[in-house]
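Here is a short briefing to read with the structure open beside you.

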Amino acid sequence: MQNKLLDKTFNIIELLSAAQNPLTLKEICRESGLPVAVASRILSDLIERGYVTKRDYHSFEPALGFLYLGQAQLSNRAFPRLAVEKVHDTLRRLNLSGALATLFKDQLVYLYHSVHEELHLIHALPYRCDLWSSNMAVVLCVEKCGEAEARRLLLEDLARQNFPPEEERSIGAELEGRIRQAARNHFSLWKTDRKYNLCFPVFHGGEILALAFYLKKQPPRTGSLFLECSRLAKELSNS
């Protein structure tokens, strides 16, 4: 009984976290399949503990308690704290932008993102990202799921964007090339006229993360950038 209640509670938490807007009790019940009385009782408990708040009389959204849990996770676990420091220092030294992230329920979760720092944002790190548009997602999907499943997930995500057919085929062909590259070489390089994005996997304690270095144009010394990114990825894997 306790496990079933926990499953229902997490179901509501994940629904609220994934929603871009507050959800009404009716919407929560429809999406979760829970009876009104059960959902209402769970929401009341979560409100009392500070993890859910009422936006207005009828709608609910995550409260600051979840930010506390996330920040505590990053601050108190040795690896996230060490990894963020190493990535930050390396990017500063090389004068690059970059990020460190993982996948959770088909969403990118950032441990570090240099854009967040540059803009002096005080809210949560960015996490909503279409998987097809992220080089980190290519590496993570390949390493977590294998080449065939990564291709399916990423191309299905691309198809949901409703691009014109010719544009979708062009993007898809380039995307499949990076999927093959990630499966064969365990890194992904995404080059365009406006983007240079290099990504390596990081393996730590059974978890798979992705480390990315990126610039707005191709660097003059691509070889040294490969060495720096791969070296840091290995260092994080061994830490």
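The protein chain has 10 helices and 8 strands. This is a predicted model. Its C-alpha atoms fill a box of roughly 60 × 45 × 35 Å along the principal axes.

**The chain as a whole**

- Of the 239 residues in the protein chain, 39% count as buried.
- If we take the contacts between residues at least 6 apart in sequence, 53% of them join residues at least 24 apart.

**The sheet of three strands**

- Strands E1, E3 and E2 form an open sheet in the order E1-E3-E2, and the pairing is antiparallel.
- At the edges sit E1, residues 23-24, and E2, residues 52-54, each of which pairs on one side only.
- Strand E3 covers residues 59-62 and pairs with E2 in the antiparallel sense over 3 bridges.
- On the way from E2 to E3, the chain passes through a hairpin of 4 residues.
- E1 and E3 also run antiparallel, and 2 bridges join them.
- To see both pairings at one residue, look for Phe-60 in E3: Phe-60 is the bridge partner of Lys-54, and Leu-23 stands opposite Phe-60 as well.
- Helix H3, made of residues 36-49, lies across E2 and E3 and runs at about 100 degrees to E2.

**The sheet of five strands**

- In what order do the 5 strands of this open sheet come? The order is E5-E4-E8-E7-E6, with antiparallel pairing.
- The edge strands here are E5 and E6, the latter spanning residues 188-192, and each pairs on one side only.
- On average, neighbouring strands of this sheet are turned by 25 degrees against each other, direction ignored.
- For the pair E6 and E7, the count is 5 bridges in the antiparallel sense.
- Helix H5, residues 78-94, lies across E4, E5, E7 and E8. Relative to E5, helix H5 runs at about 65 degrees.

- By residue type, the lining of the second largest pocket divides into 10 nonpolar, 7 polar and 4 charged residues.
- If you wonder how empty space is found at all, rolling a probe the size of a water molecule over the atoms shows where it is left.

**Loop residues worth a look**

- Lys-105 lies in the loop between E4 and E5. Its phi is near 50 degrees, a positive value in a residue other than glycine.
- Is Lys-105 buried or exposed? Lys-105 has a relative accessible area of 55%, and because exposed means over 50%, Lys-105 counts as exposed.
- Asn-162 is another residue other than glycine with a positive phi, in this case near 60 degrees.
- The place of Asn-162 is the loop between helix H8, residues 147-159, and helix H9, residues 165-185.
- With a relative accessible area of 67%, Asn-162 is exposed.
- Gly-206 lies in the loop between E7 and E8.
- Why does Gly-206 count as exposed? Its relative accessibility is 83%, and the cut-off for exposed is over 50%, so Gly-206 falls in that class.
- Gly-206 and Leu-16 are 190 residues apart in sequence, and their C-alpha atoms are 28 Å apart in space.

Notes: Residues are numbered from 1 along each chain as its sequence is written. This is a predicted model: local features need pLDDT of at least 70, side-chain atom pairs count only at pLDDT 80 or more; totals for chains, interfaces and linings use all residues. Side-chain values use heavy atoms; hydrogens and water are left out. Two strands pair if DSSP finds at least two bridges between them. Contact means heavy atoms within 4.5 Å. Axes are lines fitted to C-alpha atoms, for helices over the stretch in contact, and angles run from 0 to 180 degrees between N-to-C directions. Ala, Val, Leu, Ile, Met, Phe, Trp, Tyr, Cys and Pro count as nonpolar, Asp, Glu, Lys and Arg as charged, and the others, Gly among them, as polar. Buried means under 20% relative accessible area, exposed over 50%, partly exposed in between (1.4 Å probe, protein chains only).
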